[in-house]
Amino acid sequence: MPHTPNARARLLAALVDDGVVAHAGGGYRITQAGLGKLEAFGVDVEEFSRRRPAIRYCVDWGENRHHLAGALGAAMADRLFALEWLRRGRARRVVHITDTGRAGLHETFGVPLDWDSPPAQTAQAGG
């Protein structure tokens, strides 16, 4: 079975690379620039509950990578569904990215277009 990277891990990495969120201590925080970018995208950070962390430190143990969780993760998911960039699958917790979503995430946050492609096979050297 080919390895498929976690969309939330790739989104978090793209948000860090784009300067929307930054490493802070043992977790992450939304940057000043990120506040404007998120608002322009349709995510109102001011509406986040103060009882729930904006970005929760969470590791995808299958990949051993951090992924987007917390209020920002939930708000981003809501917005992606509203834009129809994501659609729900038949099984619980399964979602599918649409072609429009793939292009939109790339253009908006720099998520690689091929984020869910299997890793390239390297040719073995030798004779």
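Helices α1 (7–17) and α3 (71–82) and strands β5 (86–88) and β6 (95–97) each supply at least two residues of the lining of the largest pocket. Helices (H or I, at least four residues) and strands (E, at least two) are DSSP runs, numbered from the N terminus. The model is predicted: local features need pLDDT of at least 70, side-chain atom pairs count only at pLDDT 80 or more, and totals for chains, interfaces and linings use all residues. Residues are numbered from 1 along each chain as its sequence is written, and side-chain values use heavy atoms, with hydrogens and water left out.

**Largest pocket**

- The largest pocket holds about 910 Å³ of space.
- A pocket is an open set of points on a 1 Å grid over the protein atoms alone, where a 1.4 Å probe fits, with protein on both sides within 12 Å along at least five of seven lines; lining residues have an atom within 4 Å of a point.
- Grid points are joined across faces, edges and corners, and the volume is the space filled by probe spheres set on the points.
- The lining of the largest pocket comprises 31 residues. A7, R8, A77, L86 and V95 lie nearest the centre.
- Helix α3 gives the most to this lining, with seven residues.
- By class, the lining has 17 nonpolar, six polar and eight charged residues.
- Ala, Val, Leu, Ile, Met, Phe, Trp, Tyr, Cys and Pro count as nonpolar, Asp, Glu, Lys and Arg as charged, and the others, Gly among them, as polar.

**Fold and confidence**

- The protein chain has four helices and six strands. Along the sequence they follow the pattern α-β-β-α-β-β-α-β-β-α.
- Mean pLDDT (the predictor's confidence in each residue, from 0 to 100) is 81 for the protein chain, and 79% of its residues reach 70 or more.
- Where pLDDT is low, the predicted coordinates should not be read in detail.
- Of the 127 residues in the protein chain, 35% are buried. Buried means under 20% relative accessible area, exposed over 50%, and partly exposed in between (1.4 Å probe, protein chains only).
- Among contacts (heavy atoms within 4.5 Å) between residues at least 6 apart in sequence, 44% join residues at least 24 apart.

**Helix α1**

- A9, L11, L12, A14 and L15 are buried in α1.
- A13, also placed in α1, is partly exposed, with a relative accessible area of 28%.
- A13 and F109 are 96 residues apart along the chain, and their C-alpha atoms are separated by 9.7 Å.
- Just after α1, G19 takes a positive phi of about 80°.

**Two loop threonines**

- T31 sits in the loop between β2 (27–30) and α2. T31 is buried, at 11% relative accessible area.
- The T31 side chain reaches the backbone nitrogen of G34 at 2.8 Å.
- Not counting residues up to four places away in sequence, T31 touches G19, V20, V21 and A22.
- T98 is in the loop between β6 and α4 (99–109). T98 counts as buried because its relative accessibility is 16%.
- The T98 side chain reaches the backbone nitrogen of G101 at 2.9 Å.
- With residues up to four places away in sequence not counted, T98 touches E84, W85 and R87.

- R79, in helix α3, is partly exposed at 27% relative accessible area.
- Leaving aside neighbours within four places in sequence, R79 is in contact with F41, G42 and V43.
- R79 and V43 lie 36 residues apart in sequence, with 7.0 Å from C-alpha to C-alpha.
- E84 is found in the loop between α3 and β5. E84 is exposed, with a relative accessible area of 60%.
- E84 has a positive phi of about 60°, although it is not a glycine. Most residues other than glycine have a negative phi.

**Loop between α2 and β3**

- E47 lies in this loop and counts as exposed, at 62% relative accessibility.
- E47 and A75 are 28 residues apart in sequence and 9.6 Å apart in space, C-alpha to C-alpha.

Notes
Polar contact = N/O pair within 3.5 Å; in protein donor to acceptor, adjacent residues only side chain to side chain.
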